[in-house]
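This report describes how one protein chain is held together. It covers charged pairs, nonpolar cores and helix packing, in that order.

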Amino acid sequence: MSTLISTPVAPLLARLFTEADSALSPALTSVSPEERQRLLGSRTEYRRLYGELLKDLWLPVSPDTGRLLYLLARSSGARSIVEFGTSFGISSIHLAAALRDNGGGRLITTEFEPEKARRAAGHLREAGLDDLVEIRVGDALETLAVDLPDTIDLVLLDGAKVLYDDVLELLHERLRPGAVVIADNADDSPRYQQRMRSGTAGYLSVPFADDVELSMRLA
């Protein structure tokens, strides 16, 4: 039996996806669409965007992308996973469920907003998966710059889109050949997309569904 479709994980995820769909951000509604787009692409104001305007939103992967994460982690036999952007822990639960069914491992996930990290930790405990997960709180450019495993099997990028390329650079040398990198909402990170599709960066990369970039390290 897959952990993902068993109790307590399956009913918990159903509840969390419902909560995510109904979440609102009063702070975000006060900002014009043009300003939101500008902040989304700013390399200096992402802390304001994620720490103030988006702090109440869940920003989860979709249910289909969550299942894709589980599928990729299971099929690759991943034991060492790094996630950029914990939010309330929905994607973390999918990845940790795969680790459980792979026989164990470690998920390092990082979240900028402390309250989100606290809530995510509670959801992982409720799922019975918290023993597989280390949540680091703070800017990923700092939290993922130290104390990483020698070898990384899978990476999920789902934090500040403007930082995708920078975060990957922190992890690149530790990615084993064949390691999988999943970038959610990658169309909001053109610099990252250009790198992964260039053919010269050491990755084979394809767009998947509407907003996911699926990549594999070649060597």
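A residue counts as buried when its relative accessible area is under 20%, as exposed when that area is over 50%, and as partly exposed in between, using a 1.4 Å probe and protein chains only. By this scale Arg195 is buried at 16%, and Asp165 is buried at 13%.

The model is predicted: local features need pLDDT of at least 70, side-chain atom pairs count only at pLDDT 80 or more, and totals for chains, interfaces and linings use all residues. Residues are numbered from 1 along each chain as its sequence is written, and side-chain values use heavy atoms, with hydrogens and water left out.

**Salt bridges**

A salt bridge here is a side-chain nitrogen of Lys or Arg within 4 Å of a carboxyl oxygen of Asp or Glu. The whole structure contains 23 salt bridges. The table lists some of them.

| Pair | Closest N to O distance |
|---|---|
| Arg195 and Asp165 | 3.0 Å |

Helices (H or I, at least four residues) and strands (E, at least two) are DSSP runs numbered from the N terminus. Arg195 belongs to helix H10 (residues 190-197) and Asp165 to helix H9 (residues 164-171), 30 residues apart, so their pair links distant parts of the chain. Both residues also belong to a network of salt bridges whose other members are Arg43, Asp166, Glu169 and Arg191.

Glu142 is exposed at 52%, while Arg47 is partly exposed at 40%.

Glu134 is partly exposed at 25%, as is Arg106 at 32%.

**Nonpolar cores**

In soluble globular proteins, nonpolar side chains tend to be buried together. A nonpolar core is a set of buried Ala, Val, Leu, Ile, Met, Phe, Trp, Tyr and Cys residues joined through side-chain atoms within 4.5 Å. The largest one has 36 residues, and those with the most contacts inside it are Ile81, Ile90, Ile93, Leu129, Leu154 and Ile182. Among the elements giving it two or more residues are helix H1 (9-22), helix H7 (114-127) and strand E5 (175-184). H6 gives the most, with seven residues.

Contact means heavy atoms within 4.5 Å. Leaving out residues up to four places away in sequence, Ile81 touches Ala73, Leu95, Leu99, Arg106, Leu107, Ile108 and Leu154. Another core, of 34 residues, lies apart from the largest one and includes Leu40, Leu53, Leu157 and Leu168.

**Helix packing**

Axes are lines fitted to C-alpha atoms, for helices over the stretch in contact, and angles run from 0 to 180 degrees between N-to-C directions. Angles under 35 degrees count as roughly parallel, over 145 as roughly antiparallel, 65 to 115 as roughly perpendicular and the rest as oblique.

The axes of H9 and H10 come within 7 Å and cross at roughly 45 degrees, and the two helices are therefore oblique to each other. Tyr164, Asp165, Asp166, Leu168 and Glu169 in H9 meet Arg191, Tyr192, Arg195 and Met196 in H10.

H1 and H7 pack with their axes 9 Å apart, at an angle of about 150 degrees, which makes H1 roughly antiparallel to H7.
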